Amino acid sequence: MALVDYSSSPSTADSEASDPSTPPAKRRKHGARGGQAASSSAAVSKDGDEEAAAAPSAMPPLPSAFHDLYASTVRQSVRDDPALHQGRRRQTPHVPGNWPSHVYVEWYPSEAQHGLLDKLLNVVEEKLGEDMKLHKFLTSDLGAHLPLHISLSRPLSLRTADKDGFLEGLTQGIRRSGTGPFTLRPAGLAWYRSPDSDRTFLILRVETAAGSGNPQLMRLLRRCNGVAAEFQQPPLYQRTQDEVVDEAFHISVAWTFGLPDGETALGVLALFREQPFRGMRAWDIDVSGVKVKIGNVVNHVPLVELGTQPAAVSSSLLFES
């Protein structure tokens, strides 16, 4: 479904221009406010060139729920067509009537954080050379900044009869975990080879701001895996021991096919300890809730401590064609 439909018929202005009986349109008068707006948007120099004014934006920041409306790209095909996705294949095959689902923690980097991540990936591209194409997760095809995430489930495929029960069970499980809002920080770079494909991900490992592992993420993961098992869905990190899982939580920032050679791979990981990228260790990644995406609906489940009145789960409908 397109967001804007353009009519194939001539525009009203063109129709009026071609009709000699139509009186000429009146020129709009600009009041004081209009003159101020025009002067603030551009300044005319002596040579007649327009110079954009560097006035700061007065627009308020968008609410976090707004981003859920556009948390998915436009669906181009229900078939597994790697040509539409940089050669990638679905880890979970699409089944008509089933709902692709995912549970995760979302993070929107600030402008400064996004800029430094982009700078880091540009250096990584230089180290990889022209033989390996690096695909970034930071921006869309149109250049819009994208959110990053920490997975709390594998890609799931829910039956229609199960999706409401899955969301209810997951919501109750998260609330009963007693996990309130918490803060994470980047802990280092790593390469992760996907067991389900030939892709290799460049990831940013995370840990609590206190530097004592990831106890909150572990509690949430156990709840998510428990609900997934109830609905015959595969759990995340099922073949990994608990002490290793604690270090497995991460944010994927880019991917490539294949695996860099040993020297190049280590050279990329060493960037995290060099200037200006070592400052990433001080970043705060605030976690206030868990996202549950079922089909084209994103549900936000707030985190609450035990004994606290839980907030309502909010849902946002995505726009897809």
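1. Starting with the sheet: β12 and strand β13 (residues 314-317) pair up antiparallel, with 4 bridges between them. As one example of who faces whom, V297 sits opposite L317 in β13. Bear in mind that this is a predicted model.

2. On to the other partner of β12. Strand β11 (residues 289-294) runs antiparallel to β12, and 6 bridges join the two. Here V290 has V301 in β12 as its bridge partner. The hairpin of β11 and β12 leaves 2 residues between the strands, and G295 takes a positive phi near 65° in that hairpin.

3. You'll find S177 in the loop between α5 (160-176) and β7 (182-193). Is S177 buried or exposed? S177 counts as buried because its relative accessibility is 11%, below the 20% cut-off. Setting aside neighbours within four places in sequence, S177 is in contact with R219, L220 and R223.

4. Now for confidence. The protein chain averages a pLDDT of 79, with 69% of the residues scoring at least 70. Residues 1-22 fall below 50, and this stretch has 6 contacts in the model beyond near neighbours in sequence. Over residues 28-56 the pLDDT also stays under 50, and there the model has 12 contacts beyond four places in sequence.

Methods
Residues are numbered from 1 along each chain as its sequence is written. This is a predicted model: local features need pLDDT of at least 70, side-chain atom pairs count only at pLDDT 80 or more; totals for chains, interfaces and linings use all residues. Side-chain values use heavy atoms; hydrogens and water are left out. pLDDT is the predictor's confidence in each residue, from 0 to 100. Contact means heavy atoms within 4.5 Å. Buried means under 20% relative accessible area, exposed over 50%, partly exposed in between (1.4 Å probe, protein chains only). Two strands pair if DSSP finds at least two bridges between them.
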